[in-house]
Amino acid sequence: MSTMTINGQAKPLPDDADALLVDVIRDQLALTGTKLVCGSGVCGACTVLLDGAPVASCLLPARAAAGKALTTVEGIGGTDLHPIQKGFMAHDALQCGFCTPGFIVEAAAFHDRWRAANGTAMPSREAIAATLSGHLCRCGAYENIFRAVAEACSGRFDSDNVTAPRMEARDKVTGAARFTVDIRHDGQLEGVILRSPAAHARITRLDLAPARAVPGVAAAISLLADDNMVRYVGAPIAAVAAKDRRTALAAIAAIRFSSETRPAAIGLDAARRADATVVFEKGKRKYAGNVSEGGSSPAPWKGNVRGPSAAFSQKGKRAKAWLAEAHEKRDPLLVEETFRVATQSHACFEPHAAVARFDGDRLTVHVSTQAVHDTMEKLCKRYKLGHDKVRVIADHVGGGFGSKGSLGIETIAAIELARAAMAPVRIAFDREEELSVTGYRPGAEIKVGLLPSAQGGLKALSLTAYADTGAAINSTIAALARLIYPAEAKELVDFDVISNLPPGAPFRGPGGPPMAFALEQAVDEAALRLKVDPIALRKRWDPDPNRRRLYDWAEGLDVWRNRKLDTAQSGRYRRGIGVAAGYWFYFWQPGSSIELAIKGGHIVASTGVQDIGTGTRSVIAGTVAKMFGLDPQDVEVRIGDSSLPEGPGSGGSRVTASIVPSTLSAIAKLKAAIEKSAARPPLAGSNAPWRDLIAASPDLVVSAERPKDSRPGLGISSPLKQAGLMGMILSWMLRTFNNIMVGAGVPSTVQVMEVEVDTWLGHVRVLNAYTGLTIGKLAAPVLARSQAAGSVIQGIGYALYEARETDPSTGHVLSGSMEDYRIPGIADMPRCEVHFDEAGFEHVPGGSVGIGEVATIPTSAAIANAVCNAIGVRLTEIPIRPDRIVAALKGRAAA
Ligand code: FES
Ligand code: FES
């Protein structure tokens, strides 16, 4: 038997020639700091040092480490932290933290090499990007990674102890943070799902006996719905649990099933044909998924097309007539265009995963979820169990972006296998599953008609959107144009086009980015025709007080004031500046509660919320600390557990707006309780009265629910109230069926992008991104800045690179690996300036609302407007691929 040395300790290597190094590190040695994401050498999450050199452990057979010294993230820095780890903590160079160990290992090796060769000289941005180009971060923490690495190399963190703005930063930079995929119980089995190879079929026979006969298999179950239909490639059919993944895969291969294959309608165009096979017959529509945050409102179905949903139109017929008349008369001010957006995958780095365990009749499930409390409620309902019998835990969640908000098949299968096998079961999707069947932002075709009035106002606006939702419904793209740029008349029509593709899911500001891509380019085009500055036109047409302040800010930027106004640039490289605006809703969740306790002389805050990388712990700790004159680190925060008081789901940017107000209410109660129980008042002249009182306090517990808002200021009202009767109805539906309140005021953003276009090769580079945001008071400023920059880089991916591709004849997802689904890397990160305007939400207790959705909404439009400014041609389809740029410059369509 051969051995290796890992983090200074000799360990035997398995004899298995096929064993991968990453699996030995994670599963056999339980060093779960090393993460598995792509499994194909693309993302760098599994990076370890082999004899001091960074290697991707997902590509190496374990035996390659024989006789060598291996260092994982747990071995970086030894008992002290490495300067790179301190730099990541100090600069908050992480969000969900799932990619962080890989970055830390690679950057630590770079730091040590750099210091040996260059002393404390600071490396350039380009040198850092080149070194870390083999690492990806889906949360987009790149801007702070640059800072962390540069300053660590300069010696800034050689001796300092650092204070991290993120509470759990230390656990994430050392590999100690435990995600769902890292959970391992004694006797735990591995579950795998058998998925449909056909896009549309009825399963007529399913024989699980051959799977159960495979040695090492403990359970096999059917996952078919009661109509036995599969409606997309990858639809779940059955699942097995076995002693290890390899055995489970062998058992999956042994399952026998027969099916009647049906014709399939795949994608937007095929599913809209009159003769297309119908995916959901009447009576089967309950099986359709949901691509939006809220419940679905009724709409007619015709074949695979659900719609029109046009309730948010305003004098829709009039808008249509005016636009038709302008078209007839060839009105030069009329903007008419059809825009197309590609399908965007969430590509969370931690895959969808669940680990289920029964202890008698009690069920504990670790789930990578955006909603521990809601998941618990759904499980109680589904399995008819009391609240005291189900506990859902998510200590750390490696990204979600909307795709982990509902009860997923990984959780259901893990529970049912655990019950059948009478043993704990883990199911963690592989990368192909993650990129194929866990949802996506639907692609769409959006027709826009925009007619300015003769006086330069906005007369008529029409958006008609067809969304490629797969086996799901409830897209809302056009309707979102109701709440920006009031017009004399608006016709806003949405259609879902249902097809035999995996269902889409909510994705960061559902419907917002495609709406903005179309509308903001149309507004830009109108500005060109009216010969008006694009920001000045937006100020003319947009009365929202939050955005108006942001327009003023954007107008004052040097990059805007100095931009070239004519588009007749020449030469290979051309620069352009573009602007776009966007908004999202201020949501909050009624019933969100928090418990504050004094235990042993310090404060413990507990709520059943989860942190998907947004920094929830830090928001709570910061709020408590500020009100008591403490350091955030003095506050212990317990979250990620449904047994704690009900917390909000992490969807729709509602966490901060839900937990800060309840925390403030609880603080007031706790202060009163402390004062009441104090044996004596604080010492006269004490500059830390609360610190002293807390230290001397007996144990106390208080709790508080999210209070209502106060009356908003002049000009600020609920956006859905502005949308008339349908808005009021939708508001009621969200409250009743989704437990979401729509508050007054609109979180907004205005973004200015500077791009460089290589007109020979068609490559677009975003050089500088300026993001203005109104999201109220910043509950955690450093983390908010990181969120904003991360949202922008995700928007850059949407604009320039990301496209989920499917085979139009078979329905197979062709971009099921990270080699084929391109997300932005560190070298794609522009310099990113974030401006916060903290006014506008004084009616919210604490004054803070969420940031997660709004900052990504107009990015693709601002980039497209900048490209148009650079080359004088408008790109109407994203991603803006090189071939599309080259074709546009040559005046023909790209392939
Ligand atoms: S998991 Fe190894 S490089 Fe991505
Ligand atoms: S922090 Fe990098 S993937 Fe989340």
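The paragraphs below start with the ground rules, then turn to the cavities and the cysteines.

This is a predicted model, in which local features need pLDDT of at least 70 and side-chain atom pairs count only at pLDDT 80 or more, while totals for chains, interfaces and linings use all residues. Residues are numbered from 1 along each chain as its sequence is written, and side-chain values use heavy atoms, with hydrogens and water left out.

The structure contains four cavities of 30 Å³ or more. Here a cavity is a set of points, on a 1 Å grid over the protein atoms alone, where a 1.4 Å probe fits but cannot get out, and its lining residues have an atom within 4 Å of a point; the volume is the space filled by probe spheres set on the points, which are joined across faces, edges and corners.

The largest cavity has a volume of about 510 Å³. Its lining has 38 residues, and Thr 614, Ser 653, Gln 787, Ile 851 and Gly 852 lie closest to the centre. That lining divides into 15 nonpolar, 18 polar and five charged residues.

The second largest cavity holds about 90 Å³ of space. Among the residues that line this cavity are Val 291, Arg 441, Phe 507 and Pro 514.

Now to the cysteines. With a disulfide taken as a pair of cysteine sulfur atoms within 2.5 Å, the count is zero.

Notes
Chains lettered and ligands numbered in written order. 1 Å grid on protein atoms, 1.4 Å probe; cavity = no way out; pocket = protein on both sides within 12 Å on 5 of 7 lines; lining within 4 Å. Nonpolar A, V, L, I, M, F, W, Y, C, P; charged D, E, K, R; others polar.
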